[in-house]
Amino acid sequence: MTRAQGRSAGIAIGVFCLALLGATLKPSGPAWSVFGNALWVSLPFLGLFLAHGMGPLSALAELGLRRSPRDAFAVALFSSAPMAATFALTCKLNSHISWSHLLLIAAIAPVAEEVLFRGYLFKQLYRRAGWSFWSAVGLSAALFGLVHAHHVFGQGGARLLAEVAITAAGGAFFAWLLKQWSDNLWVPIGAHAAMNLWWEVFDVDSTAIGTRAGNVARLLFIGTAIAMTIHRTRRLRRSAAIPLASVRAEAP
């Protein structure tokens, strides 16, 4: 690792820890939850300025937020269809749902988490600090899982481990989506938001552990998103190969 790469990693991890600390120390309540999520979105801009001297527009591009959200909409829509259908057949609607909580869970939180964990921490370690893909995924996903551990505090070690492991696996999946969709952060944001939306609309579980039907639905979502991603990758490779083949055919 070069000195510049070490500096990038150090600043990224430091700013990330500052974001976690700020969100942890905030008082409880819906308004402060919005504050914590706003902190997670804003501090990466500070980190990018300190590490690379980036202004707001350059930081937006670095985070993957200046890309088109069209692909994100397609992935979210088609991947969530089998999930929503499974929930409709196996679960009741959540009778305790509130619009403010739904907005927080299905819109605000996915944006904040993806900006901090994938757009900032993962990308800075992988793209800027020279870490391997799996090293950057491993750290960011493990931290993502640990941050959600408070949902099952006091419910036993097995549930704590399951919550952390499942959430960390989700973090790894979102990082893979980000890489495969050419660093378009809107794609993991869309997938994250759609998954949270249906998990909240239907009475599945208050944690990420879920029920048997919930986990089947989640696997259907992930499988559909992976299939769409692989299809896109192959299509792009074929499109790139056609001009090359034409050039070779025309060469004397």
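The following legends describe close-up views of a predicted model. Residues are numbered from 1 along each chain as its sequence is written, and side-chain values use heavy atoms, with hydrogens and water left out. Because the model is predicted, local features need pLDDT of at least 70 and side-chain atom pairs count only at pLDDT 80 or more, while totals for chains, interfaces and linings use all residues.

**View 1. Helices H3 and H5 cross at roughly 85°.**
Helix H3 spans residues 56-63 and helix H5 spans residues 99-128; helices (H or I, at least four residues) and strands (E, at least two) are DSSP runs, numbered from the N terminus. The axes of H3 and H5 come within 9 Å. Axes are lines fitted to C-alpha atoms, for helices over the stretch in contact, and angles run from 0 to 180 degrees between N-to-C directions. The two helices, H3 and H5, are therefore roughly perpendicular to each other; angles under 35 degrees count as roughly parallel, over 145 as roughly antiparallel, 65 to 115 as roughly perpendicular and the rest as oblique. On the H3 side, the contact is made by Ala61, Glu62 and Leu63, and on the H5 side by Val115, Gly119, Tyr120, Lys123, Gln124 and Arg128. Contact means heavy atoms within 4.5 Å. By class, the contact of H3 with H5 has four nonpolar, two polar and three charged residues. In this classification, Ala, Val, Leu, Ile, Met, Phe, Trp, Tyr, Cys and Pro count as nonpolar, Asp, Glu, Lys and Arg as charged, and the others, Gly among them, as polar.

**View 2. Glu62 and Arg128 form a salt bridge.**
Side chains of opposite charge can pair when their charged atoms come close. A salt bridge is a side-chain nitrogen of Lys or Arg within 4 Å of a carboxyl oxygen of Asp or Glu, and a search of the whole structure finds four of them. In the salt bridge of Glu62 with Arg128, the N to O distance is 2.9 Å. Glu62 lies in helix H3 and Arg128 in helix H5, so the pair ties together parts that are 66 residues apart in sequence. Glu62 is buried, with a relative accessible area of 13%, whereas Arg128 is partly exposed at 32% relative accessibility. Buried means under 20% relative accessible area, exposed over 50%, partly exposed in between (1.4 Å probe, protein chains only).

**View 3. Asp183 forms salt bridges with Lys123 and with Arg127.**
The side chains of Lys123 and Asp183 meet at 3.9 Å, N to O. This pair links distant parts of the chain, with Lys123 in helix H5 and Asp183 in the loop between H7 and H8, 60 residues apart. Lys123 and Asp183 are both buried. For Asp183 and Arg127, the closest N and O atoms are 2.9 Å apart. Arg127 belongs to helix H5 and Asp183 to the loop between H7 and H8, so this pair ties together parts that are 56 residues apart in sequence. The relative accessible area of Asp183 is 17%, while Arg127 counts as partly exposed at 40% relative accessibility. Salt bridges that share partners join Lys123, Arg127 and Asp183 into one network.

**View 4. Ser182 and Asp183 have positive phi values.**
Most residues other than glycine have a negative phi. Ser182, although not a glycine, has a positive phi of about 55°, and Asp183, also not a glycine, has one of about 60°. Ser182 is placed in the loop between H7 and helix H8 (186-201), and Asp183 is found in the loop between H7 and H8. Ser182 is partly exposed, with a relative accessible area of 35%, whereas Asp183 is buried.

**View 5. Glu163 is buried without a salt bridge.**
Glu163 is in helix H7 (residues 157-180). The nearest side chain of opposite charge, Arg159, is 6.1 Å away; Lys and Arg count as positive and Asp and Glu as negative, while His and the chain ends are not counted. Not counting residues up to four places away in sequence, Glu163 touches His148, Ala149, His151, Val152, Thr207, Ala208 and Ile209.

**View 6. Glu200 is buried without a salt bridge.**
Glu200 is placed in helix H8. For Glu200, the nearest side chain of opposite charge is Arg218, 12 Å away. Apart from residues up to four places away in sequence, Glu200 touches Asn94, Ile97, His101, Leu102 and Ile105.
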